[in-house]
Amino acid sequence: KQWYQRRVTGSLFLGLTFNYGTLMGYVAYTGTLGVTPLALYGAGICWTMIYDTVYAHQDKEDDKMVGVRSTALKFGDRTLEMCGKFTTAMGVGLCVAGLAAGMGPTYFLASFFGCSMILKGLSLVNLDNPKSCWEFFVMNKNIGLLILIGIIVGKFA
């Protein structure tokens, strides 16, 4: 089954599964499902599409040999363009989630800077250099931390 998921759906399936906890956690805490968790879930899927696609560029030669249809191969020369579009969609999702949840300005600033960091990283990454792809991938932990702090503090400030 995992082979099918990587071969056929790749980064999208990863995004759907990695971010599912957003929906479950929100429902467990509030007892409802609404705009806020759905928008946050969508933003998380977009973010996963970005970092996993860049990460997949490290293995694109191996993927070609074994027949894995990664987003790195699917997007090819359009990877940065597609990741830019996913970053825009991520930003919209974060904004919609923040508005629906009544978040304060700190949340919106953290979301803006998180998306800006992704765009800056995309402008610097060399998709033909595995070390550069790895550095972009690792940078995303800082983006996650920034957005998490924005969520926590943004509810109060």
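In the predicted model, helices H3 and H8 pack with their axes 8 Å apart, at an angle of about 155 degrees. Angles over 145 degrees count as roughly antiparallel. H3 and H8 are therefore roughly antiparallel to each other. The crossing of H3 past H8 is left-handed. On the H3 side, the contact is made by Trp47, Ile50, Tyr51, Val54 and Tyr55. H8 contributes Cys133, Trp134, Phe136, Phe137, Asn140, Ile143 and Gly144. By class, this contact has 10 nonpolar residues, 2 polar residues and no charged ones.

H3 itself spans residues 35–56. Its 22 residues reach 31 Å from the first C-alpha to the last. That is close to the 32 Å expected at 1.5 Å a residue. H3 is mostly covered, with 17 of its 22 residues buried.

H3 also packs against H2, which holds residues 20–30. The axes of H2 and H3 come within 8 Å and cross at roughly 165 degrees. That angle makes H2 roughly antiparallel to H3. Here the crossing is right-handed. Tyr20, Thr22, Leu23 and Tyr26 of H2 make the contact. Their partners on H3 are Thr36, Pro37, Leu38, Leu40 and Tyr41. The contact of H2 with H3 has 7 nonpolar and 2 polar residues by class, and no charged residues.

Helix H1, residues 2–18, contains leucine 12. Leucine 12 has a relative accessible area of 41% and is therefore partly exposed. Between the C-alpha atoms of leucine 12 and threonine 48 the distance is 7.7 Å, although the two are 36 residues apart in sequence. Neighbours within four places in sequence aside, leucine 12 is in contact with Ile45 and Met49.

Helix H6 covers residues 79–101. At 1.5 Å a residue, its 23 residues should span 33 Å. The end C-alpha atoms of H6 are 32 Å apart, which agrees. Buried positions in H6 are Thr79, Met82, Cys83, Gly84, Thr87, Met90, Gly93, Leu94, Ala97 and Gly98. An α-helix has 3.6 residues a turn, so residues three or four places apart point the same way.

Alanine 97 and glycine 42 are 55 residues apart in sequence, yet their C-alpha atoms are 9.6 Å apart in space. With neighbours within four places in sequence left aside, alanine 97 is in contact with Thr36, Ala39, Leu40 and Tyr107. Of these, Thr36 and Leu40 also take part in the contact of H3 with H2.

The axes of H6 and H7 come within 10 Å and cross at roughly 175 degrees. H6 and H7 are therefore roughly antiparallel to each other. From H6, the contact is made by Leu80, Cys83, Gly84, Thr87, Met90, Gly91, Leu94, Cys95, Ala97, Gly98 and Leu99. From H7, Tyr107, Phe108, Ser111, Cys115, Ile118, Leu119 and Leu122 take part. By class, there are 13 nonpolar and 5 polar residues in this contact, and no charged ones.

H6 is followed by glycine 102. The phi of glycine 102 is positive, near 70 degrees. Another glycine, residue 104, is found in the loop between H6 and H7. Glycine 104 counts as buried because its relative accessibility is 11%, and buried means under 20%. The C-alpha atoms of glycine 104 and glycine 150 are separated by 9.0 Å. Along the chain, the two glycines are 46 residues apart. Apart from neighbours within four places in sequence, glycine 104 is in contact with Gly154 and Ala157.

How values were computed. Residues are numbered from 1 along each chain as its sequence is written. This is a predicted model: local features need pLDDT of at least 70, side-chain atom pairs count only at pLDDT 80 or more; totals for chains, interfaces and linings use all residues. Side-chain values use heavy atoms; hydrogens and water are left out. Axes are lines fitted to C-alpha atoms, for helices over the stretch in contact, and angles run from 0 to 180 degrees between N-to-C directions. Helices (H or I, at least four residues) and strands (E, at least two) are DSSP runs, numbered from the N terminus. Angles under 35 degrees count as roughly parallel, over 145 as roughly antiparallel, 65 to 115 as roughly perpendicular and the rest as oblique. A crossing is left-handed if the near helix is turned anticlockwise from the far one by less than a right angle, and right-handed if clockwise. Contact means heavy atoms within 4.5 Å. Ala, Val, Leu, Ile, Met, Phe, Trp, Tyr, Cys and Pro count as nonpolar, Asp, Glu, Lys and Arg as charged, and the others, Gly among them, as polar. The expected span of a helix is 1.5 Å times one less than its number of residues. Buried means under 20% relative accessible area, exposed over 50%, partly exposed in between (1.4 Å probe, protein chains only).
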